[in-house]
Amino acid sequence: AQTIRFATEASYPPFEFVDSSNKIQGFDVDLANALCKEMNATCTFTNQAFDSLIPSLKFRRFDAVMAGMDITPEREKQVLFSKPYYDNSALFIAQKGKVADVAALKGKRVGVQNGTTHQKYLNDQHADITTVPYDSYQNAVLDLKNGRIDAVFGDTAVVNEWLKQNASLAAVGDKVTDKAYFGTGLGIAVRQGNTDLQAKFNAALDKVKADGTYKTIYSKWFQQ
Ligand SMILES: NC(=[NH2+])NCCC[C@H](N)C(=O)O
């Protein structure tokens with residue numbers, strides 16, 4: 001059977017994280033395994049810095065990237081994406097009672113992960129906010145709790161996870177769904193020209209959506 005080497009950045013529950021026995025787990029991993037089963041392939045997952053995922057894919061160190069990655073026009077110039085497998089949006093969080101709304105973040109320090117759509121969105125659309133880059137969102141949340149930064153900007157499902165675990169944090173403003181950054185959905189990236197693997201992922205996605213497998217995995221990781 002074919003082996004598909006996936007790369008991810010596993011500090012991003014519920015999409016991907018390293019569990020207590022050092023295994024990479026999460027929604028993306030379960031979905032990838034379901035797709036690989038459909039494709040009669042074996043999946044492997046490697047943990048890498050987020051901003052190195054697309055370069056490593058291009059260097060052929062991996063076959064696919066699945067990392068809660070938004071499909072964006074800019075990334076589509078470099079890689080091919082599967083059809084969207086998850087509807088995404090982004091959200092700011094801050095210490096409870098400290099930041100009234102997004103306008104109040106003017107002149108403040110907001111943590112983001114390097115290479116993410118969140119970083120690009122703030123740089124492009126909120127030049128008045130100081131973006132503070134982190135290699136992992138875990139460290140950004142720590143700094144938010146310590147008061148070293150004023151807010152963190154991340155994917156809504158992930159941010160909700162932090163809110164559940166940290167009673168001292170709260171959402172600021174509404175979800176952001178700007179299509180140029182986060183509105184199109186998450187996709188699996190493969191190399192330009194690898195339309196064969198792209199087509200296989202798309203067919204497998206259709207299959208797991210139709211037979212209920214997708215729904216089971218979704219409800220395991222995104223409890224309402
Ligand atoms: N595994 C991760 N750390 N993912 C971060 C993803 C952030 C954002 N959705 C993006 O595509 O840029």
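Arg60 is in the loop that runs between α2 (53–58) and β6 (64–65). Helices (H or I, at least four residues) and strands (E, at least two) are DSSP runs, numbered from the N terminus. The model is predicted: local features need pLDDT of at least 70, side-chain atom pairs count only at pLDDT 80 or more, and totals for chains, interfaces and linings use all residues. Residues are numbered from 1 along each chain as its sequence is written, and side-chain values use heavy atoms, with hydrogens and water left out.

Arg60 is not a glycine, yet its phi is positive, at about 70 degrees. With a relative accessibility of 55%, Arg60 counts as exposed. Here, buried means under 20% relative accessible area, exposed means over 50%, and partly exposed lies in between (1.4 Å probe, protein chains only). The loop between α2 and β6 also holds Asp63. Asp63 counts as buried, at 14% relative accessibility. From Asp63 to Thr130 the separation is 67 residues in sequence. In space, their C-alpha atoms are 35 Å apart.

Asn40 also has a positive phi, of about 55 degrees, although it is not a glycine. Its place is in the loop between α1 (27–38) and β5 (41–47). The relative accessibility of Asn40 is 61%, so this residue counts as exposed. A cis peptide bond leads from Pro13 to Pro14, with omega near 5 degrees. Pro14 belongs to the loop between β2 (11–12) and β3 (16–18).

Strands β2 and β3 are part of an open sheet of three strands. The order is β2-β3-β4, and the pairing is antiparallel. The edge strands, β2 and β4 (24–25), each pair on one side only. Two strands pair if DSSP finds at least two bridges between them. Strands of a sheet pair through backbone hydrogen bonds, either parallel or antiparallel. Between β2 and β3 there are two bridges. Ser11 stands opposite Phe17 in β3.

A parallel pairing is found elsewhere. Strands β9 and β10 (residues 130–134) run in the parallel sense and are joined by five bridges. Gly111 stands opposite Val132 in β10. Strand β9 (residues 109–113) has four of its five residues buried, so it is largely enclosed by the rest of the structure.

Rings of Phe, Tyr and Trp (its six-membered ring) pair if their centres lie within 6.5 Å; planes under 30 degrees apart count as stacked, over 60 as edge-to-face and the rest as tilted. Phe17 and Trp221 form an edge-to-face pair, because their planes stand at 70 degrees, with ring centres 5.8 Å apart. This pair links distant parts of the chain, 204 residues apart. Phe17 is in strand β3, and Trp221 is in helix α8 (residues 213–221). Phe17 is partly exposed, with a relative accessible area of 22%. Trp221 is buried, at 14%.

Tyr137 and Trp162 form a tilted pair, with ring centres 5.5 Å apart and planes at 40 degrees. Again the pair links distant parts of the chain, 25 residues apart. Tyr137 is in helix α5 (residues 137–146), and Trp162 is in helix α6 (residues 156–165). Both Tyr137 and Trp162 are buried.

These two residues belong to one aromatic cluster, together with Tyr12, Phe15, Phe27, Tyr85, Tyr86, Tyr214, Tyr218 and Phe222. Lys209 lies over the face of Tyr214, at 5.2 Å from the ring centre. A charge sits over a ring if NZ of Lys or CZ of Arg is within 6 Å of the ring centre and within 35 degrees of the ring normal.

The structure holds one cavity of 30 Å³ or more. On a 1 Å grid over the protein atoms alone, a cavity is a set of points where a 1.4 Å probe fits but cannot get out; lining residues have an atom within 4 Å of a point. Grid points are joined across faces, edges and corners, and a volume is the space filled by probe spheres set on the points. The largest cavity contains about 70 Å³ of space. Its lining has 15 residues, of which Tyr12, Phe50, Ala67, Gly68 and Thr116 lie nearest its centre. That lining divides into five nonpolar, five polar and five charged residues. Ala, Val, Leu, Ile, Met, Phe, Trp, Tyr, Cys and Pro count as nonpolar, Asp, Glu, Lys and Arg as charged, and the others, Gly among them, as polar.

Key. On a 1 Å grid over the protein atoms alone, a cavity is a set of points where a 1.4 Å probe fits but cannot get out, and a pocket is an open set with protein on both sides within 12 Å along at least five of seven lines; lining residues have an atom within 4 Å of a point.
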